[in-house]
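Hello,

Here is the structure you are taking over. Below it are my notes on what was found.

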Amino acid sequence: MHRNIATPIEALNLPVTFETRTGDTPSHRRKRQQNNPPDFLMTTPESLALLLSYENAPSFFSGLKYLIIDELHTFFGTKRGDLLSLGLARLDTLAPKAVRLGLSATINKPESAREWFCRTGGRIVRTSNYTHPNIEILCTEKTIPWSGHMARHALNDIYVAISEARLSLVFVNTRAQAEFVFKELWHLNKLNLRIAVHHGSLDRQLRRKVEARMASGKLDCVVATSSLDLGLDWAKVDLVIQVGAPKGVSRLLQRIGRSNHRLEEPSRAILVPTNKFEYLECLAAQSEIANQNLDGVTFYPGGYDVLAQHIFGIACSGPFRADSLFKEILTAAPYADLKRETFDKILEFVKNGGYVLKEYPQYNRLVNLRDGSIKLRDSQMARQYRMNIGTIVDSPMMKVKLRNRNLGTIEENFIVNLTPGDTFLFGGKILVFDDIVNADVIVSRSSASEAKIPSYSGGRLPLSTNLSFAVLDILENDNTWKSFPKQIREWLTLQKDRSTLPTNKNLIVEVFPHRERYHTVIYTFAGRNANQTLGFLLLRRMKREGVFPLGFSMSDYAISVWSTKPPTNVEQLLTPDLLLDEFEEWLEDTPLLKRLFRDAAVISGLIERNRPGKVKTGRQVLFSTDLIFDVLRKHEPDHILLQTVRHDAMRGLIDAGRLADTLHNFNGRIKCNWLDRISPMAVPLILQITRENSIKLDLADSLLENLENEILKAANVEPYN
Amino acid sequence: MSNRTIDFAGRKMILHPSGSIFWPDQATLIVGDLHFEKASSFHSSGQFLPPYDSGETLKKLETVMSEFFPRRLILLGDVFHDNAAWHRMAQNDQKHLAKLLEGRETIYVNGNHDRKVTLPSQFSGLMYTLSGVTFRHMMDTNEQGPEISAHFHPIAIVKYRGIRIRRACFVHKKNRLLLPAFGALTGGLDVNDPALKTFQDLGTQLYLLGNKAIFNIPREFAEK
């Protein structure tokens, strides 16, 4: 991006200064920018928040004339967007005359975007000459697999496609896919194409190097995750390959937009479905883009944790009054409906944790001045704010070191599952895990040809509502099937003969025996998060009904619950009151809340961020956020942080809204097929490896008991009673 | 609650799922690493952890004591998270603690976190001996006789049918017995950590704290 703007400025020899400022900007340049701001400053929401937290923020921003937000849509309904909106509200106070401009190529309703972005009015400008991107689905002679996401079957065809292009980007959905595809492409690389890999776990230096080589034409292909999605923009790319389902139309457009980035020329893309279901999803995306039917935007109330961070930042910039700060915050769209009472609670939280029953005033972060304003107790505390800014919380990461070289970072959760000697793919190399020394992962090179794949948790988005309806449309219009590859057509026809195809009109359920278990498969098309919630709730309900459920697996499209007995009445299982009867109880002990609490605790400033290389292991672990969560829930169940975690859960991981919509829509319209064996559409679900086995405390007890008895039995000793 | 009785150097000891030990012959309850006021110790660094851990730990202690009615209570060190913790403790928590200690012999073995704290107790020091068993906060690897200690907050991870289960545990090898941490907000150290290498050979038994029971797993079954 910097390059794209700097080039015309330099070419025209314009008398303007242009600089960037991000988390990577060296401190001497930051200092210079602070004292002598450039004409153009390109920055991030995090760095903006940082600039706003300095005491000189009012004078620094007083001359601001224009504020341009690129890729505006990426900020809707996200915590990063909440942070940005608060920054904008602040800027509005400091520079009320500044003009705001928002840019986006993938918004379906600009009017709703305007509401988010503009205080009053606001003009919508549309570009007229939109060129339809040229999107194909990869033609392959090979069999598209039933399940999996690694695209092994398509690698040869992908290689042919990239060898014919000038510069291609191969986008994948997860870091594990990136590693796999990158390595396999090199295996096939007879033409010695210059192929590189780019994902968020690689060391920053390595990523920069790839970006620079790409810009200077020294690469033929880059395999990348969303780490390369935004902010970079190259006209030289003439082909984008999307491996795996796009999950959303706007997201796909965003990626395709990388190629031939000139308005008058269509960009070219190839979609590579990694399994049969994804083929349908790719088809749906193709037709939605042709019809310019973009994903809807959902707006949510802003997170309290982000607001807490913002208030801390404001305090760092100098004394403030609660009344005027509250008014200012209401002008940020996600916080327009914030209640004063809630604001006061969050303010208390920033001050001292906001505990009703206990406080330690000597440690308060904020103090009230006699004139009624509030200020930071000790200006040294600003350091804590500045070290922990931002809304993106990675799971604890560890540095990967090959001799003394930094290769990047990897999730701690992945490493703890390895034993020394295990191999894994990282940056395209197969590495041997040797040891953990001073919280660093020590590795060496391996000559092995197979490796365990790093299973990073990130990058899994649920299927958008828009796209799921489009898939169902395809299934319903069997006259369109004739253009499909034979293997897909046969699969759908077989499903139609043996059972029923999923539809918009009814909720299709199948029950069949398979390997001494009964499977209940429900085709909700509600996205993986809503399906996961449904799975947990069904486990409870089926347990109560005495059919002994054992577990479930789910995808974006469907869920399968298996049990020792068949369910008696499927219609009864799926009534909308599922969300009332089982939900409250389940919500309180779902592990998902704890997972979210970890993030909220960091964002809100309750605890400090873990930094790569500073990860504490073993005895050094200072405290566990899970234990904090338990203690807090017991003593202050209405604490502001628990409230924000519940809100987050409902909209994200739990996706309660979408599940409720699905159950209500199909209430009384459930069609259950009792089959004598597995149906063609259920195969992918049953084959799927990632299954949810929810582990609860009492369950752990019974598992430990079994383990102990087995060990004793093996040792030929009577079990302990 | 389902306890587990073990033979420790010829003495009968009852392991309790709370992470405490009751020695019936001596009517003695042993707890370690309570870490009172751990949460509030972070407040000075601007990390306002919910300051309810002391109350939680006290409640747990009260429950165990009402099960065994010990005549003697051995507090095996790191009772307080730091030397100033007593002063930060809320008054009702202070009173609660005093009430629990009332009418019984209290043995306060100091730990590394609370070396300078004194409590109204019959004994206070770094080492205590009772009926041939030595009590220390941190084990002394030169000790030959039976020794019960705490300090390491041992935890073990076992894998069963593909599910990882992480639990605090007692560690027992011949003359040596380690207690898990008792406090509500205490982390853990994996039994495979080099700091616990004394226990990394065959013959070490782990007693994992379940929800309602204790489970005996040989050390070699703990995941590394």
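In strand 14 of chain A, A:Gly408 is the bridge partner of A:Val400. Strands here are DSSP runs (E, at least two residues) and helices are DSSP runs (H or I, at least four residues), numbered from the N terminus.

This is a predicted model, in which local features need pLDDT of at least 70 and side-chain atom pairs count only at pLDDT 80 or more, while totals for chains, interfaces and linings use all residues. Residues are numbered from 1 along each chain as its sequence is written, and chains are lettered from A and ligands numbered from 1 in the order in which they are written.

Strand 13 (residues 397-402) of chain A pairs with strand 14 of chain A in the antiparallel sense, over 6 bridges; two strands pair if DSSP finds at least two bridges between them. Both belong to an open sheet of 5 strands in chain A, with the order 14-13-17-16-15 and mixed pairing. Strand 14 (405-411) and strand 15 (423-426) of chain A are at the edges with a single partner strand each, so one side of each has no neighbour in the sheet.

The contact between the chains takes 39 residues from chain A and 36 residues from chain B (in contact: C-beta atoms, placed from the backbone, within 7 Å). On the side of chain A that touches chain B, helix 24 (625-635) and helix 28 (697-714) of chain A each supply at least two residues. The largest share of that side, 11 residues, comes from helix 28 of chain A.

Regards

Technical notes. Contact = placed C-beta atoms within 7 Å.
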